[in-house]
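Here is a short note for a colleague who has not seen this structure before. Please read the points with the model open.

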Amino acid sequence: MAKENRRKEERQRRGKAAEREVARTLAELPRNEYAVFNNVRALYGDIDHLVIHRSGAVYLLETKGHHGKVTWDGKQLLLNGHAFEKDFIAQIHRNITWLRQIIKEHTGVDTWIFSCLVFPNALIYSSKNKRVLRLKPVKWVNVVCGGFLKRLIELYVPATAKPAIWEKKETMFG
């Protein structure tokens with residue numbers, strides 16, 4: 001039992017360290033273009049990071065502190081060839097549903113949520129066993145290494161602006 005508690009505490013420590021690392025990366029985004037909210041309380045726990053672009057683009061980021069090799073076998077994400085302890089993709093989808101509802105209630109806007117599962121301490125490999133910066137979206141979720149996150153966010157800005165989201169961001173998440 002004590003050994004299991006130590007493992008859990010170590011996982012939590014690594015998770016918090018990874019979240020701090022991603023928060024530092026997000027702090028590099030230009031503040032006049034992006035608003036960053038960390039540890040947003042949600043219906044299903046919390047959202048590690050929420051980023052809103054001035055266009056109204058919304059990015060939901062879930063950070064994991066795992067080390068090793070992350071792959072997708074066509075059915076599930078794997079760490080070093082083994083299933084993760086939880087279904088992180090399902091966790092993200094639950095938070096997307098909640099987040100879309102909150103945004104619609106406050107702004108009247110129905111919007112797409114750009115989601116990422118971020119592994120700042122792991123290596124991401126394609127199905128061809130080639131190291132990559134991100135996997136093709138897995139059930140609409142981008143699986144990325146921490147070093148590519150900022151660039152990915154800067155690359156994705158939707159064509160349709162939804163300024164009401166930017167205008168009410170502090171009311172919703174501040």
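Predicted model: local features only at pLDDT ≥ 70, side-chain atom pairs only at ≥ 80, totals over all residues.

1. Residues are numbered from 1 along each chain as its sequence is written, and side-chain values use heavy atoms, with hydrogens and water left out.

2. Start with Thr-111. It sits in the loop between helix H2 (88-107) and strand S7 (113-119). Helices (H or I, at least four residues) and strands (E, at least two) are DSSP runs, numbered from the N terminus. Thr-111 is buried because its relative accessible area is 7%; buried means under 20%, exposed over 50%, partly exposed in between (1.4 Å probe, protein chains only).

3. What does Thr-111 touch, leaving aside neighbours within four places in sequence? Its contacts (heavy atoms within 4.5 Å) are Val-58, Arg-100, Ile-103, Lys-162 and Ile-165.

4. Now look at Arg-6, in helix H1 (residues 2-26). Arg-6 is exposed, since its relative accessible area is 52%.

5. Two residues other than glycine have positive phi. For Asn-129, phi is near 60°. Asn-129 lies in the loop between strand S8 (122-125) and strand S9 (131-132), and is partly exposed at 48% relative accessibility. For Lys-139, phi is about 50°. Lys-139 is in the loop between S9 and strand S10 (141-145).
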